[in-house]
Amino acid sequence: AMIVCGDGLSVPALQPISVVIASSAGIRLPWNGTRRNQAELTIQTNASDGPVQPTPIPTSPAVGYFLSSRVEFVAPALAGQCADIMLTWTANMALSPGDSLVVGLPGFTGSSWQSSAVEGNLLVPFAVSWSSNTSQLTLVSGGAIAEKQQAVLRVGCVSGSPRLPAVGLRSNQTTVTISTNASTGPVLATSFQYVQAVGSFNGTEAVALDPPVAGQAAQLVVSFTPLMSFAGGDRVLLSLPGFTGSDFAGVACRVDFVGGTSSAQAAWNQSSAQLTFVLSSAASGNISITLPRGAGLAVPSAGIRANASNPLLISAVCADGSVPWQPVTGFPKVGVLKNSSVSFSYPQALGLSNVTFGFVAGMPIRQGSTLAFQLAHLSCVWAPNASCSGGLSFTARLQAVGQASATSATSYFDMSWDRQNETGVVLSFQLSRAVAQDAAVLITVTSPLGLALPEAVYPEAGLLTYSTDNADGVILPTPSDRCPS
C-alpha cells in the first residue's frame, strides 16, 4: 500500500515536516501488527529538486497482535463461584521479562489479591494480581517468551481469587479482554477470540410436586429463569435422591416459556436417581418443564428435608453456557410420620375409649406447628350430633418411647380444638415446644365422657389419617401405617 501526500505543496529544504492522517480516512494497521523500526515501512518522493527512492523509515513504533487468545475455566465452572482460570495465547511478538498482560474480567468479584509466581507450559514464572477496583487480572512475566510461541497459564482458585459473575458468561463475550505493554509490540485491550460460556440460573431454579405426599407418584414441575438461551437438543438434568420409579425414556413433557410453548423428552434412571429433559426446540426467559404424574415418579417415602445432606440438584448442558450440578434453591418440604399408629384403651364397638397416637418424627417439627389426627366414624358421646369443641375437657400426655414415665403434653402440645363431622372426629394439637427429628412419640388423649368407637368392627384402612402444617415438612392428610380392627 502507498500513501501519496503533499501534491502541489512547496517545502524548503531542511524544513521539518509532520503529516497527520486522520483515522477517518479509513487506513487500517496490518492485521498482524508491526515490528519496531520495521524495514518494510518506507518513504519516497518524486521531488523535482531530488527524487528519493523507497527508503526504510528509520524510526517506527511496534504494534503487537495476538494470533490467538482463549480464556477457559476448569470444571466445575459455577456462576458466582471461584474457578481455575486457563489463559492461552499466541502473540506475533516476543514478550520480555517485566512485560505484563492485563486480562479484563468485568462482572467478576473478589477482594484485591496477589499470588506468588505462577508457571505455565513454558516454565516461565508469572506474578499474578487481581484488582477488584478495575476488575483486571495482571500477569507480569518473569522470563522471555518468543514470538509466535503458544503460552498456557493456569491461575488457580485460592482464597481471594476472582469469582465468576453471578450471571455467568456468554459464549465469546466481547467484554472479556486481553492487552499487553510488551516492548516489542503493545496491544490495547482487545476481545478474546474465544471465551468459554458459563450458564446461570441465578438462583431461580425450583421444583414443585403435585401432590407433595411422601411415597406417592406426583407431577413434577421444574422452573427456572436462565441467563443463557436454550436450543433444541440442550438438556436439563435433575438429581432426585430418594425418588423412586421404574426406568423410563421418551416421556413427553410440556415446556412453557415467555412467548410460547414447546416440548421435551424425559428419561429417568433409578440407579442414578437422575431425571433428564431434552428440549425439542429453543426456549428462553422464564422456563418451566412439566413431567406428568403418569410417568410414575414417586416422592421419597422418607419425605424431603430442608437441610438434607443429599439435596436435590440441577444442572444443564447448554451450548450458550452449561451449568454444573448445584442445589435446587426452591423445593417443597415434605414431611412424614414414620411407624404411625393409633390404639384404644377399650377397643370394643360403641365403647368409650381413650386414644393413643404413636409415631416417629421423620423431620424436625417446629414449635407452633399443628398436628391433626382424624379418626373416621368415631363419635363424641358428650355431643353426638354436634361439634365436640367448646366444652369437652381433654388431657394429652406425651411420652418418649422407651421411657418409664410420661410427660404432660401441655409442655409439648396445646389442644387447640376438636370437632365431629360426617367422617368422624378430628383432634388437633399445636406444639408449644419443638420435636426433634427421629424422636419416637406417644400421645395419649383422655376424656371424662370419652370417644365412642363405631358400632361395626371397622377395617384397618382409613381409620386414622394425620396431617401437619410444619414448615420443615408439610404433610397432607395421610393414612396411618397401623390401625386396630
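Select K148 to begin: this residue sits in the loop between β8 (136-141) and β9 (150-155). Helices (H or I, at least four residues) and strands (E, at least two) are DSSP runs, numbered from the N terminus. This is a predicted model, in which local features need pLDDT of at least 70 and side-chain atom pairs count only at pLDDT 80 or more, while totals for chains, interfaces and linings use all residues. Residues are numbered from 1 along each chain as its sequence is written, and side-chain values use heavy atoms, without hydrogens and water.

K148 is not a glycine, yet its phi is positive, about 60 degrees. With a relative accessible area of 56%, K148 is exposed (buried means under 20%, exposed over 50%, partly exposed in between; 1.4 Å probe, protein chains only).

Next, select N172, in the loop between β9 and β10 (177-180). N172 is another non-glycine with a positive phi, of about 55 degrees. Its relative accessibility is 34%, which counts as partly exposed.

Move to D210 and P211, which are joined by a cis peptide bond with omega about 0 degrees. P211 is in the loop between β13 (206-210) and β14 (219-224).

Now show the largest nonpolar core, of 66 residues. Such a core is a set of buried Ala, Val, Leu, Ile, Met, Phe, Trp, Tyr and Cys residues joined through side-chain atoms within 4.5 Å. Strand β16 (residues 248-257) supplies its largest share, 5 residues. Among the residues with the most contacts inside this core are F277, L275 and F357.

Last, a separate core of 36 residues includes F66, V71, F108 and L169.
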